[in-house]
Amino acid sequence: MTAPPPPAARAVPDVPMVPKAPVAPAGPATPVPPAAPVGHPHVSTRVHEPRREDCPWCGSARLRNRLRTGDLRQHRPGLFTVDECRDCGHTFQNPRLTAEGLAFYQRAVPGAPRDPATEGVLALRAARHRRRAAARAMLRFGEPESWLDVGTGHARFPETARAFFPYTAFDGTDLTARVERARTLGRIEEAHRGALTDARIRARVAGRYDIVSLLHHLEHTTDPRAELLAALDALRPGGHLLIETLDPRCVFAALLGRWWLPYDQPRRLHLLPLRNLRTELEEHGCAIVTAGHRAAHVPHDLAGAAALALSHALPAPDTPWRAIPPTPGRQHLRTALLHAGIPLVAAAAVADLGLAPVLRHTPFANAYRIIARKPRATAR
């Protein structure tokens, strides 16, 4: 194997291979340093778009920085900034990741370790219960003929909702091949691979569905307003839009800062206040049937913060993107210490669940649900 060039001869990549290295400005792409495993699928590339000076939702230039943080959950390199609009409250990643950057940070990497603390919290948070609650919320409107779940992934939600709506035809969209595997498994009937805003998919689903659901999907999209309008186009007149998303106005966001799990940088690009989303739907003629936090609150704020802080405080994990060769036994030590800290995370999770019945009625609620009805008579 050819020896790596001396440090002085290397250009600093836009995605630094050492987490504390500064992010370089525009420049030519450089290869992954030889310390990365041979055959590793990613290469260093430009991952950020230019920083914008105005709000992507209302156009105001009155922005303030909300936080700067690294990837606290997966420990991938990079520094990310979240800004907030002082006028409308829209909160967004700025500068935003490019398509290549999104692919890099969302891609599963062989050999990447899993932190028991953070991964356990994300898996534990009663996902099946939340899916059942979202499906039950639509029972009041009767049995729909067709339902489109946007950003469905493995179609866990359609699989759960089928217990309540056995005669409904469920379809799904997703950017990845997961949606096609879900169709093969019989969880959905039609799989649309790609963004709902893609002209080809948008034409295929236009006006076909009685219900369109966007469950914790808008925060991952590059243009949530365009995604919202595409979802309305997919509805039949009189159909219902079901949305659940995170609320940047949550008090926990201010108290916990970068340790607030819903920030999840760099994978979440936008956080929309309830007022903004409600106003947008009403401007397009929709009637708001339900809008509130009580049913959508996810009790994981304290446990998530504890897990992230614990993972961050321990020795850095041995990851495929570290430029420094792994120290023998480092990952074993880290894993042992993480397991030792699990009781702390578990205690925080118990506190989350105990406080949830009260917090979901207060500004501490971290998510909200909107059910909106598209106008019956005329299109937007």
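Select H75 to start: this residue sits in the loop between β1 (63–69) and β2 (80–85). Helices (H or I, at least four residues) and strands (E, at least two) are DSSP runs, numbered from the N terminus. The model is predicted: local features need pLDDT of at least 70, side-chain atom pairs count only at pLDDT 80 or more, and totals for chains, interfaces and linings use all residues. Residues are numbered from 1 along each chain as its sequence is written, and side-chain values use heavy atoms, with hydrogens and water left out.

**Stop 1: backbone at H75**

Check phi at H75. The value is near 65 degrees, positive in a residue other than glycine. Most residues other than glycine have a negative phi, and most peptide bonds are trans. Is H75 buried or exposed? H75 is buried, with a relative accessible area of 18%. Buried means under 20% relative accessible area, exposed over 50%, partly exposed in between (1.4 Å probe, protein chains only).

**Stop 2: the loop between α8 and β9**

Go to D264, in the loop between α8 and β9. D264 is not a glycine, yet its phi is positive, about 40 degrees. D264 is buried too, at a relative accessible area of 11%. Now step to the peptide bond from Q265 to P266. This bond is cis, with omega near 10 degrees. P266 lies in the loop between α8 (251–256) and β9 (270–271).

**Stop 3: another cis bond**

Select N94 and P95. A cis peptide bond joins them, with omega about 5 degrees. P95 belongs to the loop between β3 (91–93) and α1 (99–106).

**Stop 4: α7 against α9**

Show helix α7 (residues 224–234) and helix α9 (residues 274–283). They pack at an angle of about 45 degrees, with their axes 11 Å apart. That makes α7 oblique to α9. Axes are lines fitted to C-alpha atoms, for helices over the stretch in contact, and angles run from 0 to 180 degrees between N-to-C directions. Angles under 35 degrees count as roughly parallel, over 145 as roughly antiparallel, 65 to 115 as roughly perpendicular and the rest as oblique.

Which residues of α7 meet α9? Pick R225, L228, L229 and L232 in α7; they meet L277, E280 and L281 in α9. Contact means heavy atoms within 4.5 Å. These residues divide into five nonpolar, no polar and two charged. Here Ala, Val, Leu, Ile, Met, Phe, Trp, Tyr, Cys and Pro count as nonpolar, Asp, Glu, Lys and Arg as charged, and the others, Gly among them, as polar.

**Stop 5: around α9**

Stay on α9. Its buried residues are L274, N276, L277, E280 and L281. Their cover includes α7, β8, β10 (287–292) and β11.

**Stop 6: α3**

Select helix α3 (residues 127–136). What is buried there? A133, A134 and A135 are. Among the elements covering the buried residues of α3 are α4 (156–161), β7 (209–215), β8 (235–246) and β11 (367–373).

**Last view: the whole chain**

Zoom out. The protein chain has 11 helices and 11 strands. Buried residues make up 49% of its 380 residues. Of the contacts with a separation of 6 or more, 71% join residues 24 or more positions apart.
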